[in-house]
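Hi everyone, thanks for making time today.

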Amino acid sequence: MDLEFSKEELAFRDEVRAFVDAELPKDIRDAVDQGRPLSKEQHVRWQKILFDKGWAAPNWPVEHGGTGWSRTQMHIFSDELGAAGAPPVIAFGINMVGPVIYTFGSEEQKKRFLPDIVASNVWWCQGYSEPGSGSDLASLSCRAVRDGDHYVVNGIKAWTTLGQHADWIFCLVRTDQNAKKQQGISFLLIDMKSPGVSVHPVITLEGDHEVNETWFEDVRVPADNCIGKENQGWTYAKYLLTHERTSVANIGAIKRTFARVKREATKVKVGDGSLLQNPVFARKVADVEIQITALQFLALRLLSQVDRGGAPGAESSMLKIRGTEIQQSITELTLEAAGYYGLPFVPENGQAIGPEFTARAAANYFNYRKVTIYGGSSEIQKGIITKAILGL
Amino acid sequence: MDFSFNEEQNLLRDSVRKFVEKSYSFEQRRALSKSELGFSRDNWRAFAELGWTAIPFCEADGGLGGKAVDTMIVVEELGKGLVLEPYFATVVFAGGLLRRGGDALRAKHLPGLIGGETLAAVAYAEVDSRFDLHNVATTAKREGSGFVLDGKKIGVIAGPSADLLIVSARTSGGGQDKSGITLFAVDAKSAGVSRKDYRTVDGLRASDVTLSKVKVDASSVIGEVDAIDNGLAILEAGVDEAIIALGAEAMGVMEVLFKSTLDYIKERKQFGVPIGSFQALQHRMVDVFIEYEQAKSMAYMAAMTQDAANSSSELAKAAAALKVQLGKSGRVVGQQAIQLHGGMGMTEELAVSHYFKRMTIIDLMFGNADHHLGRYVALSA
């Protein structure tokens, strides 16, 4: 047992650190630090900088543009990016549909879709949930009926995050009406420009336009866009959900937002001292800091098991539960630190009324309620642990 | 970064595990706990023969030069059996302080301690000190070339069997001054030492110790040069290392609580089904699992920090963070273990209640989670 990184790992860390220091554009770093949503252009610009370096899709197989890094290296990479204030990758292309395509797609599909995903030429969004299917995803009813060499798709997808930017959507659709729930679902790629697709903004409680409903009305989709076998989509979706959870701990980013709230709290006055010197607030801060340490070492332990050949699997549900709870705690501390400057309603790109860090304090506190709901809610994660680890 | 154990460490774990399996069934432990001594001298001799008492001491002192991770392995496995022999009190805690003594003091005490002939305990807490190590009212006044100790120490774990007491006393200053504290190695049979012995709620033995005009000579001072008045730093480092070992014990205790509770809710039937099929219980069991995993991660972090630490403040922060986690996790794991066992969890005849009691005392030892959260804040300032 050894706490230190190896010489090679340290060299790798320094390389990543130097690269991000030099290449991360200031406007992007500032937006991340101010807790503001990034524009599509900003997301794509940063992703293309990573692509030029060959680091756009670290977890992919080398032949498709991946890096061949160990899990520890990937952890160091994401830790360093987060700690430097780089925006998290928009997961839908690189972390979600990409792995499904290279794992289950045909050679033709791999050639057609993967290069544009890794190069961020195409923006993807996700069509899983529906108004009537949330945590019980397999109850979905959006249907695709075969018509010659096309499917005809009808239905509504809910919570399509950043669908307003998207060129393509990957959807779970019902292709067999008579099969039991999990069977009869297919994994379909749909061009957002297809006639009959429309995107309807859903404004969330903080006032932002982040999510949408996507409607499909007699949308004709080439049958070639079905991934893997028809009616086997649920298997692929489950695979993808595990993939998604392994990337949610976000420890680097957590540490940076946490450091920011601590820094801002030294500037907020309480009595003759600062908020950070206030004994009650200081204890809350210390408590969160200890939780972050526990999360970090939990993640490292799980990682090292994977690197030694163990399975990642359901343990990543633990990281999802704890990571998201901690993220929420930090938004709570930030709102608390803002004091009365938690009052002003500041829209996505609006001017701050008080200190810059307060501009989005309330908005992010409200918005971050989502993190324990999306990607499989905390309760769903507990269900996974119950079955897969506890064997209940 | 590496979380794996080497071959020697795996062998060490196996040998402790075998001992616990052979000698620490619930009934064996119960009988030992009720005996007059409260543990077995034969077991202790076996610990020495197996080399466990030598682990944390350097080779020049007759030890094995083990690291914190090695101690962690032993104590974790002992924790799984709620082992009663004073390994923690003698080898880890008292030994950790003696290790910081000068050549003559180490040569005098360590061979006996490593050989299993000497048992030792640390007498630092006082009636009014609560968890503050620097709050010392016991005095050590110079007399000739030596000192005379007066005062009262409480909560001395393994005090009744101790041949040697490590005592913190004030050689200068007063009240809560951080300087002016000196550590002494005191023969427990010295004139003027009297003890009130008692059983603890978790089945161990402890004492309140009164020191009345106890004469010690200058060679009993623990530390290198300038040790007089500067004992607090030694005591703090010793306590931090002891906390880290306590974290290892807690890992063992919590593992048993977690596993036996999980087994129980799979077997126990109510309303015609195993109670583990109820979601209200499943999610609570997941909470227990996550708390255990976090505590384990923190125990690893702290032991690895001790082995790598460059400064006493790094060690202190790691120990404080660990102690906060142990308090929190221990409470969830222990309380839920009792709750999920239902009425059976309330009984003295079920092992789970004994593990819960030990976990409760682990939170108390060296200051509870609240105390260490405050300490963590102070260390962060």
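How far does helix H8 of chain A, residues 251–267, reach from its first C-alpha to its last? In this predicted model, that helix has 17 residues and spans 25 Å, close to the 24 Å expected at 1.5 Å a residue.

Now look at what sits inside. Buried residues of H8(A) include Ile254(A), Thr257(A), Phe258(A), Val261(A), Glu264(A) and Ala265(A). An α-helix has 3.6 residues a turn, so residues three or four places apart point the same way. And what do the buried residues of H8(A) pack against? Their partners in chain A are helix H4 (71–83), strand E10 (273–274), helix H9 (279–307) and helix H10 (315–338).

For a contrast, let's go to Asp21(A), in helix H1 (residues 7–23) of chain A. Buried or exposed? Asp21(A) is exposed, because 10 other C-beta atoms lie within 10 Å and the cut-off for exposed is 12 or fewer. From its C-alpha to that of Leu162(A), 141 residues apart along the chain, the separation is 28 Å.

Finally, let's bring in chain B. The axes of helix H12 (residues 378–388) of chain A and helix H8 (residues 279–308) of chain B come within 9 Å, crossing at roughly 85°. So H12(A) is roughly perpendicular to H8(B). Which residues meet there? On H12(A), we have Lys382(A), Ile385(A) and Thr386(A); on H8(B), Gln282(B), His283(B), Val286(B) and Phe289(B).

Definitions and conventions
Residues numbered from 1 in each chain as written. Chains lettered and ligands numbered in written order. Predicted model: local features only at pLDDT ≥ 70, side-chain atom pairs only at ≥ 80, totals over all residues. Helix = DSSP H or I, 4+ residues; strand = E, 2+ residues; numbered from the N terminus. Expected span 1.5 Å × (residues − 1). Buried ≥ 20, exposed ≤ 12 C-beta atoms within 10 Å, placed from the backbone. Contact = placed C-beta atoms within 7 Å. Axes fitted to C-alpha atoms, helices over the stretch in contact; angles between N-to-C directions. Parallel < 35°, antiparallel > 145°, perpendicular 65-115°, else oblique.
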